[in-house]
Amino acid sequence: GSRATTTVGRAAIDGATILKAKLEELAAEVMGWPAGQVRIERDEFVVDGSGERAPFHEVAAKIGAGPVV
């Protein structure tokens, strides 16, 4: 019923919010950007204040490649 829809919907939103925050954190790490100043805007990661930006797919590829050893 509607209670299940509300509960599942809220869980999906919470999960997406957590994932977005983690991606922004990882983007800062792999791109050498200041932590806490990176946000996803449309299809790019953007650094607040500097206007520096990179396409989502480029940053995602660097995140997926893992740390340089």
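In this predicted model, glutamate 44 stands opposite proline 55 in β3, and valine 46 is likewise placed opposite arginine 53 of that strand. These positions belong to the pairing of β2 with β3, in which three bridges join two strands that run antiparallel. The hairpin formed by β2 and β3 has five residues between the strands, and within this hairpin glycine 49 takes a positive phi near 90°.

Arginine 42, which is placed in the loop between β1 and β2, has a positive phi of about 55° although it is not a glycine. Most residues other than glycine have a negative phi. Is arginine 42 buried or exposed? Its relative accessibility is 82%, and arginine 42 therefore counts as exposed, the cut-off being over 50%.

| Residue | Stands opposite | Strand of the opposite residue |
|---|---|---|
| Glutamate 44 | Proline 55 | β3 |
| Valine 46 | Arginine 53 | β3 |

Taken as a whole, the three strands form an open sheet in the order β1-β2-β3, with antiparallel pairing. Because β1 (38–41) and β3 (53–55) stand at the edges and each has a single partner strand, one side of each is left without a neighbour in the sheet. Neighbouring strands of this sheet are turned against each other by 25° on average, when direction is ignored.

Both helices are in contact with this sheet. Helix α1 lies across β1, β2 and β3 and runs at about 120° to β1. Helix α2, made of residues 56–65, packs on the sheet as well, touching β1, β2 and β3, and its direction makes about 80° with that of β3.

Which residues make up the largest nonpolar core? It has eight residues, namely Ala27, Ala28, Trp33, Val38, Phe45, Val47, Ala54 and Val59, and the elements that give two or more residues to this core are α1 (2–31) and β2 (44–47). In soluble globular proteins, nonpolar side chains tend to be buried together. Alanine 54, one of the core residues, touches Met31, Trp33, Glu44, Phe45 and Val59 when residues up to four places away in sequence are not counted.

Methionine 31, whose place is in helix α1, touches Ala54, Glu58, Val59 and Lys62, again not counting residues up to four places away in sequence. Methionine 31 and valine 46, which are 15 residues apart in sequence, are 11 Å apart in space, C-alpha to C-alpha.

Glutamate 24 also lies in helix α1. Its relative accessibility is 12%, and glutamate 24 therefore counts as buried, for which the cut-off is under 20%. Where does the side chain of glutamate 24 reach? It comes to the backbone nitrogen of isoleucine 40, at 2.9 Å. Leaving aside its neighbours within four places in sequence, glutamate 24 is in contact with Val38, Arg39, Ile40 and Phe45, and among these Val38 and Phe45 are members of the largest nonpolar core.

At the level of the whole chain there are two helices and three strands, and from the N terminus on these elements run α-β-β-β-α. The radius of gyration of the chain is 15 Å, well over the 11 Å that the globule rule gives for 69 residues, so the chain is more spread out than a compact globule. The C-alpha trace spans about 50 × 30 × 20 Å along its principal axes. Of the 69 residues of the chain, 14% count as buried, and among contacts between residues at least 6 apart in sequence, 20% join residues at least 24 apart.

Definitions and conventions
Residues are numbered from 1 along each chain as its sequence is written. This is a predicted model: local features need pLDDT of at least 70, side-chain atom pairs count only at pLDDT 80 or more; totals for chains, interfaces and linings use all residues. Side-chain values use heavy atoms; hydrogens and water are left out. A nonpolar core is a set of buried Ala, Val, Leu, Ile, Met, Phe, Trp, Tyr and Cys residues joined through side-chain atoms within 4.5 Å. Buried means under 20% relative accessible area, exposed over 50%, partly exposed in between (1.4 Å probe, protein chains only). Helices (H or I, at least four residues) and strands (E, at least two) are DSSP runs, numbered from the N terminus. Contact means heavy atoms within 4.5 Å. Two strands pair if DSSP finds at least two bridges between them. Axes are lines fitted to C-alpha atoms, for helices over the stretch in contact, and angles run from 0 to 180 degrees between N-to-C directions. A polar contact is a pair of N or O atoms within 3.5 Å; within protein, one must be able to donate a hydrogen and the other to accept it, and residues adjacent in sequence count only if both atoms are side-chain atoms. The radius of gyration is taken over C-alpha atoms; the globule rule is 2.2 Å times the number of residues to the power 0.38.
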